[in-house]
Amino acid sequence: GPGEWRVRGLGWALAPPHSDPQVLHADLWGGPRHPRRTIRFPHLLWKPGYRNSCTTEVVPGAFTQGGVAAWQYRHLRQASSPSILCDGEVLHRGGR
């Protein structure tokens, strides 16, 4: 119901230092059963150590129904914080 938290997965994404970034993607997307009024699927990302910032890149406001367009890569913005909270439906990728 309203205000209900939906946990979809818990795990780690590990990448060697200086590896290429991931392909732009959304982890999941909802349908009309879960109207978008707030973050429907919270996605918490963090880097170990308070001096390390996330390298995750997001496309602000870009939601998908499973497809990604080439122009969306030009709108990528890199996080600059040890942790970020975004909607799992927003387009993002692990950065360098």
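**A close look at the sheet**

Tutor: Val90, which belongs to strand 5, is the bridge partner of Phe63. Before we go further, please keep in mind that this is a predicted model, in which local features need pLDDT of at least 70 and side-chain atom pairs count only at pLDDT 80 or more, whereas totals for chains, interfaces and linings use all residues. Residues are numbered from 1 along each chain as its sequence is written, and side-chain values use heavy atoms, with hydrogens and water left out.

Strand 2 and strand 5 are joined by 3 bridges and run in the antiparallel sense; two strands count as paired if DSSP finds at least two bridges between them. Strands in a sheet pair through backbone hydrogen bonds, either parallel or antiparallel. Here the pairing belongs to an open sheet of 3 strands, in the order 3-2-5, with antiparallel pairing. Strand 3 and strand 5 (90-93) are at the edges with a single partner strand each, so one side of each has no neighbour in the sheet. In the protein chain there are 5 strands and 0 helices, where strands (E, at least two residues) and helices (H or I, at least four) are DSSP runs numbered from the N terminus. Along the sequence this gives the pattern β-β-β-β-β.

Because Glu57 lies in strand 2 and Arg93 in strand 5, the pair ties together parts that are 36 residues apart in sequence. A salt bridge means a side-chain nitrogen of Lys or Arg within 4 Å of a carboxyl oxygen of Asp or Glu, and the structure holds 1 of them. Glu57 and Arg93 are both buried, a word used for residues under 20% relative accessible area, while exposed means over 50% and partly exposed lies in between (1.4 Å probe, protein chains only). Of the 96 residues in the protein chain, buried ones make up 33%.

Cys54 is buried because its relative accessible area is 4%, and Cys86 counts as buried because its relative accessibility is 11%.

Tyr73 lies in the loop between strand 2 (57-63) and strand 3 (77-78), and with a relative accessible area of 32% it is partly exposed. Together with Val23 and Val68, Tyr73 forms a nonpolar surface patch of about 260 Å² of accessible area. Such patches take residues with over 30% relative accessible area and no salt bridge, joining nonpolar side chains (Val, Leu, Ile, Met, Phe, Trp, Tyr) within 5 Å and like charges within 9 Å. The areas come from the Shrake-Rupley method with a 1.4 Å probe, and for residues only the protein chains shown count as cover. Ala13, in the segment before strand 1 (42-46), counts as exposed because its relative accessibility is 68%.
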